[in-house]
Amino acid sequence: IKGQYKKYFAYYDDVLRRKLLKEQEIVDSMESALNLGQFEIYLQPKYNIRYSRMDGAEALVRWNHPQWGQQSPAVFIPLFERNGFITRLDQYVWEKVCAVMCDWENRGMPPLPVSVNVSRADIYNVDLADILTGLLRKYALPAARLHLEITESAYTENPRQIIETVSNLRELGFVVEMDDFGSGYSSLHMLHKMPVDVLKLDMKFIQNDPVTPVNQEIMRFIINLADLMSLDVVAEGVETAEQLERLREIGCDCMQGYFFSKPLPVKEFELLMESADSA
Ligand code: C2E
Ligand code: CA
Ligand code: CA
Ligand code: CA
C-alpha cells in the first residue's frame, strides 16, 4: 500500500507540476501574444425565436498560439482573472468589437448590437466608464450597440459597488446583461435591486438531462418574473430542436447556442449576417 500511495503521489505531483509549467508559459507569452495579435474575436449569434432572426451577437475571445494551436478561454481566462491581465485583454476585445461594428456601419450592414464580457476585475477599474465611452466616441457608435455581460457571481460579491457602477453605465446608455443567471449566487431578492436589462439564463437549465417537469416550471417562472420586471431573457447553450421547443413552450424569445450557430470568426459571421439580411 505504501508503494501504491507513493506512485499516486508521484502521479499527482507530476500533473500539478505540468499544470504550473503550462501556466508559467502562458504568463510568459501573454504580453507578446497581445502585441502580436494572437487573440482573435469570435462572434456567436443571439437568435430571436419569435421573429426568426438574428438579434445580436456575443464576442468570445480565442488565442491562436503558434505552437499550441487555438486555445479556448477556459484555459487562459481564469488565469488572467487571477493575475490581472484580464483587464488588458478585455479592453483589447472591446476595442476590436467596436472597430468591427464601425466597419459594419461603413459598409451599410445592419446595426447589430454586440455583447462583450466584462470581467469582475473590470468592475473595480475606476476608468471603466471612461474607457467604454472613449471607444464609442472613437468609433462613432451609440452606447446601445455595445452590450455588457457581467456574470451573476460578480453581483453578489460586492453588490454596493456593482449597483453603483452598473447604474452609471446604464445611464450612459449601455445595455447590461446578467450572465450565467441562476448558476447559483443570485437570490430573487437581489435581482429586484439589480440594475440590469437582460438575463442570460445559465445553460444548466436548458441542458438539464433528463428533462423534468420541475425544471421546465422553474424556467417558466424565471421567464414570467423577467417579464414582470421588463427584462429580456436569453437562453444559453441551446443545442437541440427539443430544447428550442421547450423554450418556445414557455415563451422565451431569445436564444444562443450551437443549434443555431457556434461562435464564428468575424468574416464567417458576416456571411451569416448577409445571408440573413437577404432572406
Ligand atoms: P460565457 O460568457 O458564459 O460564454 C458562453 C460560452 O458557452 C462560450 O464558451 C460559448 O462558446 C459556449 N457555448 C455557446 N453555445 C453553446 C452550446 O450550445 N453548448 C455548449 N456546450 N456551449 C456553448 P467559450 O467561448 O469557451 O468561453 C468560455 C467563457 O470564457 C465565457 O463564458 C466567458 O466567461 C469567458 N470569456 C470568453 N471570452 C471572454 C472575453 O473576451 N473576456 C472575458 N472576461 N471573458 C471571456
Ligand atoms: Ca458571456
Ligand atoms: Ca454565460
Ligand atoms: Ca425589456
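Start by selecting the calcium ion (ligand 3): its protein donors are Asp179 (OD), Asp180 (OD), Glu236 (OE) and Glu236 (OE), at 2.2 to 2.7 Å from it. Donors here are N, O and S atoms within 2.8 Å of the metal (3.2 Å for Na, K and Ca), and water is not among the atoms, so sites may look incomplete. Colour the strands next: Asp180 lies in strand S6 and Glu236 in strand S8 (residues 232-236), so this pair ties together parts that are 56 residues apart in sequence. Helices (H or I, at least four residues) and strands (E, at least two) are DSSP runs, numbered from the N terminus. Along the chain, the donors of ligand 3 follow the spacing D-D-x55-E.

Before moving on, know that this is a predicted model, where local features need pLDDT of at least 70, side-chain atom pairs count only at pLDDT 80 or more, and totals for chains, interfaces and linings use all residues. Residues are numbered from 1 along each chain as its sequence is written, chains are lettered from A and ligands numbered from 1 in the order in which they are written, and side-chain values use heavy atoms, with hydrogens and water left out.

Stay on Asp180 for a moment. Its phi is near 60°, a positive value in a residue other than glycine. For another one, jump to Ser52, in the loop between strand S1 (39-48) and S2; phi of Ser52 is near 50°, again positive.

Now pick Asp179. Which calcium ions does Asp179 coordinate? Both ligand 2 and ligand 3, and these two ions are 4.3 Å apart. Two of them link distant parts of the chain: Glu58 sits in strand S2 and Asn117 in strand S4 (residues 114-117), 59 residues apart.

Next stop, ligand 1. Show the 23 residues around ligand 1 (those with a heavy atom within 4 Å of it). Arg62, Asp90, Asp179, Glu239 and Tyr258 come nearest. Try the distance tool on some polar contacts (pairs of N or O atoms within 3.5 Å):

- Asp179: a polar side-chain atom is 3.0 Å from an oxygen atom of ligand 1.
- Asp90: a polar side-chain atom is 2.6 Å from a nitrogen atom of ligand 1.
- Glu239: a polar side-chain atom is 2.5 Å from a nitrogen atom of ligand 1.

The elements giving two or more residues to the shell around ligand 1 are strand S2 (53-65), helix H2 (73-83), helix H3 (86-106) and strand S6 (175-181). Which element gives the most? That's S2, with 4 residues.

Conventions:
Polar contact = N/O pair within 3.5 Å; in protein donor to acceptor, adjacent residues only side chain to side chain.
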